[in-house]
Amino acid sequence: MKFAGFTLYELLITLAVIAITLTIGVPSFNKAIQDSRTKTAALALLEAIETTRSTAVFLNQSTILTAVNNKWHEGWTLFVDTNNNEVLDDNDKIIRVNEGLDSVITSALSPMNRYVAFIGTGEGHQLTTRGFLSGHIKICPKAQGDGYKLILSKGGRTRVEKLPNTDCNTVRQP
């Protein structure tokens with residue numbers, strides 16, 4: 001009489017192969033998830049900046065995107081500055097509020113750590129001096145890994161560049 005099934009030896013070899021495969025595959029999968037979260041965060045902030053500019057041009061009014069606590073990863077508010085006082089108040093129209101970005105940290109030099117503002121022509125401008133606004137915002141994962149840099153030009157256009165892990169290390173420093 002012949003029995004169908006696996007021997008203990010075959011079962012142990014199969015489990016060993018599965019364990020080795022998981023050991024190799026899981027870290028790569030985690031890195032892919034982290035990279036995806038970082039890219040999603042960068043694209044969310046890019047979309048908010050582009051929406052701010054488009055709204056300013058469409059309405060021909062000053063439009064401001066402000067960072068929560070001067071940290072973009074904590075969230076932002078997009079509003080139309082209807083009374084041109086450069087501060088969000090009851091008379092202004094709030095377009096969008098974002099609660100924050102998961103698993104990333106951001107860094108920008110002043111004044112772009114606080115806000116991005118556009119006038120009706122679509123050009124970036126500084127709120128206090130009325131000069132042009134340009135600069136960049138770095139978006140990096142909290143853990144080791146590559147990030148992105150959003151670069152705002154003098155004319156108001158924003159482009160995205162890849163940011164190597166070595167540059168992200170400076171962002172992660174306290």
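Colleague: What makes β7 and β8 a pair, and in which sense do they run?

Modeller: Six bridges join β7 to β8, and the two strands run antiparallel. Two strands pair if DSSP finds at least two bridges between them, so six bridges are enough to call this a pair. Strands themselves are DSSP runs of E with at least two residues, helices are runs of H or I with at least four, and both are numbered from the N terminus. Keep in mind that this is a predicted model: local features need pLDDT of at least 70, side-chain atom pairs count only at pLDDT 80 or more, and totals for chains, interfaces and linings use all residues. Residues are numbered from 1 along each chain as its sequence is written, and side-chain values use heavy atoms, with hydrogens and water left out.

Colleague: What sheet do β7 and β8 belong to, and in which order do its strands come?

Modeller: An open sheet of four strands, β4-β6-β7-β8, with antiparallel pairing. The edges are β4 and β8 (158-163), because each has a single partner strand and one side left without a neighbour in the sheet. Neighbouring strands are turned by 20° against each other on average, direction ignored.

Colleague: How many bridges pair β6 and β7?

Modeller: Five, in the antiparallel sense. I139 has Y148 as its bridge partner in β7, and I137 stands opposite L150. These two strands form a hairpin with five residues between them, where G145 in the turn has a positive phi of about 155°.

Colleague: Why is β7 called largely enclosed?

Modeller: Buried means under 20% relative accessible area, exposed means over 50%, and partly exposed is in between (1.4 Å probe, protein chains only). Six of the six residues of β7 are buried, so the rest of the structure largely encloses this strand. In a regular strand, the side chains alternate between the two faces of the sheet. In β7 both faces are covered: G147, K149 and I151 are buried on one side, and Y148, L150 and L152 on the other.

Colleague: Where does α1 touch this sheet?

Modeller: At β4, β6, β7 and β8, with its direction at about 155° to that of β6. Contact means heavy atoms within 4.5 Å. The axes are lines fitted to C-alpha atoms, for helices over the stretch in contact, and angles run from 0 to 180 degrees between N-to-C directions. Helix α2 lies across those strands too, namely β4, β6, β7 and β8, but runs at about 95° to β6.

Colleague: What is the order of the strands in the other open sheet?

Modeller: β3-β2-β1-β5, again with antiparallel pairing. The edge strands β3 (93-98) and β5 (115-118) each pair on one side only. Helix α1 (residues 8-59) lies across β1, β2, β3 and β5.

Colleague: How do you know that C140 and C168 are joined by a disulfide?

Modeller: A disulfide is a covalent bond between the sulfur atoms of two cysteines. Here the test is a pair of cysteine sulfur atoms within 2.5 Å, and C140 and C168 have S to S 2.2 Å, so they pass. The link spans distant parts of the chain, with C140 in β6 and C168 in α2, 28 residues apart. Both cysteines are buried.

Colleague: Why does H73 count as buried?

Modeller: Because its relative accessibility is 15%, which falls under the 20% limit. H73 lies in the loop between β1 and β2. Its side chain makes a polar contact of 2.9 Å with that of T106. That term needs a pair of N or O atoms within 3.5 Å; within protein, one must be able to donate a hydrogen and the other to accept it, and residues adjacent in sequence count only if both atoms are side-chain atoms.

Colleague: What is in the largest nonpolar core?

Modeller: The term means a set of buried Ala, Val, Leu, Ile, Met, Phe, Trp, Tyr and Cys residues joined through side-chain atoms within 4.5 Å. The largest has 29 residues, and those with the most contacts inside it include L45, W72 and I137. Helix α1 gives the largest share, seven residues.
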